[in-house]
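Welcome to a short walk through a protein model. Open your viewer, switch to a cartoon view, and follow the stops below.

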Amino acid sequence: LGPSVWAVSDGRAGNAAQVRAVLQALGDTRRWIQIAHINGESHRSEPLTLTPRLPWTLLPADKWPSPLASLPKNQRDLLTPPWPTIWIAAGRRSAALTRAVR
């Protein structure tokens, strides 16, 4: 399969801007897929915005006992295999989720 990229942030303006800047620096991922003539099975063309809920947000992200449980159900459903080739994330709240999908 071709490359797949997931860009993740907590939706805060600064974190989202960093994720978008990295994507832009890499070039449009749709172009990679078109050049390869193969669609990556898990490719997402739009950045994911994940919004952890209370009480998890009161704790440092590395102390979350179950990072995926911190998300609303509809967002948990987005984080399922097949996993991406490249995972780009910004923000401390995305760190626990990055570890969970690793």
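Start with the open sheet: 3 strands in the order 2-1-3, paired in parallel. Strands are DSSP runs of E with at least two residues, helices are runs of H or I with at least four, and both are numbered from the N terminus; two strands pair if DSSP finds at least two bridges between them. Select strand 2 (48–49) and strand 3 (86–90), the edge strands, each pairing on one side only.

This is a predicted model, in which local features need pLDDT of at least 70 and side-chain atom pairs count only at pLDDT 80 or more, while totals for chains, interfaces and linings use all residues. Residues are numbered from 1 along each chain as its sequence is written, and side-chain values use heavy atoms, leaving out hydrogens and water.

Next, select strand 1 (residues 5–9), which runs parallel to strand 3 and is joined to it by 5 bridges. Find Val8 there: Ala89 in strand 3 stands opposite.

Which of its residues are buried? They are Arg93, Ser94, Ala96, Leu97 and Val101, where buried means under 20% relative accessible area, exposed over 50% and partly exposed in between (1.4 Å probe, protein chains only). Down the axis of helix 4, these residues fall within an arc of 150 degrees (from the directions from the helix axis to the C-beta atoms), so they line one face of the helix. They pack against strand 1 and strand 3.

Finish at Arg93, whose relative accessible area is 19%. Beyond neighbours within four places in sequence, Arg93 contacts (heavy atoms within 4.5 Å) Asp10, Arg12, Pro52, Thr57, Ala61 and Trp64.
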